Amino acid sequence: MIDVDALINCFGVASCAVNQLTSGLIIGMLLFLVASGLTLIFGVLNVINFAHGTFYMLGAYFAFSTYLLTESYLLSALIGALGAGFFGILFERFFISKVYGQDILMQLLVCYAFILITDDLVKIIWGSEYLSMGVPDEFRLPPFRIFGGFVPPLYAFLIILSLVIGVITIFLISKTRFGSIVRAAAENAKMVSALGIRVPLYFALLFGLGCALAGIAGALGAPVRSLTPGMGFGILIESFIVTVIGGMGSIPGALIAALILGITRSIGSVGFPLFVDGMMFVIMALVLIFKPTGLFVKGSSK
């Protein structure tokens with residue numbers, strides 16, 4: 001099942017090791033953005049957003065259309081994030097807010113209905129065929145040479161920007177007035193509302209922020225991944241695995257878990273290509289057995 005020779009041959013050569021690690025970091029950091037939005041919504045609102053992958057898909061498609069019109073990758077990424085965040089706010093206000101505190105099955109049904117409707121709308125608007133943005137012109141530059149391996153400038157940019165966005169998100173939730181209000185409202189919404197604060201508005205903005213993180217992940221990853229209706233389902237499953245491993249509600253935990261899964265997927269493509277998905281579930285099972293709360297406890301980012 002595991003091709004040890006292939007692993008030894010790859011990681012015995014610096015160029016192969018660099019390439020695989022870079023690929024793992026790309027996968028991990030984009031997955032971190034999606035999972036951080038998912039764990040943020042759960043950690044504060046106590047809502048498991050089963051439709052989270054849909055906002056990843058919307059971000060990618062919004063970015064694709066914007067890039068066709070403007071040929072600006074940065075602008076398309078921004079529009080992808082804002083578009084996903086805007087629809088996230090609408091989704092929270094008109095649907096999710098109606099099932100706060102209700103049975104998880106009700107939340108699941110609402111989210112699943114949204115997934116089906118959105119996937120069909122994407123097919124109507126963009127078609128059902130695979131789409132590709134391609135590498136933006138501003139990143140068609142010679143790759144960086146690191147220890148004999150080559151790292152495309154776009155990959156380096158994605159890794160750094162994803163980390164920066166993650167740090168900003170942690171700061172926003174833990175160190176700002178907005179973060180203090182939403183965390184207090186999560187503990188006692190009635191008390192915070194009695195102080196004259198519009199709790200529903202803050203909940204909607206927080207939900208929108210979580211969806212925007214998924215959207216910008218889809219937008220940033222559009223040049224290196226194919227776009228297709230339903231593309232959010234796979235990333236949703238991986239995001240839940242990250243959330244469980246890292247700890248429900250912990251953004252730093254999501255970062256560590258996403259990097260673990262990203263490296264696992266990259267290494268697995270060489271050593272055990274037929275068992276990559278299985279290995280991710282094995283890692284999750286081990287964490288649940290030996291540390292059921294995840295690597296980081298809920299609220300460690302607060």
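Predicted model: local features only at pLDDT ≥ 70, side-chain atom pairs only at ≥ 80, totals over all residues.

Q: Is Gly-53 buried or exposed?
A: Gly-53 has a relative accessible area of 1%, so it is buried. The residue lies in helix H3; helices here are DSSP runs (H or I, at least four residues), numbered from the N terminus.

Q: Which residues is Gly-53 in contact with, leaving aside its neighbours within four places in sequence?
A: Contact means heavy atoms within 4.5 Å. By that rule Gly-53 touches Gly-232, Ile-235 and Leu-236.

Q: How do I judge the length and burial of H3?
A: For length, the expected span is 1.5 Å times one less than the number of residues. H3 covers residues 52-70, 19 residues in total, and its 27 Å from first to last C-alpha is close to the expected 27 Å. As for burial, 15 of those 19 residues are buried, leaving H3 mostly covered. Just beyond the helix, Glu-71 adopts a positive phi of about 60 degrees.

Q: How is the packing of two helices described?
A: Two packed helices are described by the angle between their axes and the distance between the axes. Axes are lines fitted to C-alpha atoms, for helices over the stretch in contact, and angles run from 0 to 180 degrees between N-to-C directions. Angles under 35 degrees count as roughly parallel, over 145 as roughly antiparallel, 65 to 115 as roughly perpendicular, and the rest as oblique. In this model, the axes of H3 and H10 (residues 232-246) come within 8 Å and cross at roughly 130 degrees, and the two helices are therefore oblique to each other. His-52, Gly-53, Tyr-56 and Met-57 of H3 make the contact with Gly-232, Ile-235 and Leu-236 of H10.

Q: At what angle do the axes of H11 and H12 cross, roughly?
A: They cross at roughly 145 degrees and come within 9 Å. Among the residues making this contact are Arg-265 and Gly-268 of H11, with Asp-277 and Met-280 of H12.

Q: How many salt bridges does a search of the whole structure find?
A: A salt bridge is a side-chain nitrogen of Lys or Arg within 4 Å of a carboxyl oxygen of Asp or Glu. The search finds four. One of them joins Asp-277 and Arg-265 at 2.7 Å, N to O. This pair links Asp-277 in H12 (residues 276-290) to Arg-265 in H11 (residues 251-271), 12 residues apart. Salt bridges with shared partners also bring Glu-238 into one network with Arg-265 and Asp-277.

Q: How does burial look for another charged pair?
A: Arg-93 has a relative accessible area of 30% and is partly exposed, whereas Glu-92, at 0%, is buried. In the bridge between Asp-137 and Arg-140, the closest N and O atoms are 3.3 Å apart. There, Asp-137 is partly exposed at 44%, and Arg-140 counts as exposed at 57%.

Note on methods: Residues numbered from 1 in each chain as written. Heavy atoms only, no water. Buried < 20%, exposed > 50% of the residue type's maximum accessible area, 1.4 Å probe, protein only.
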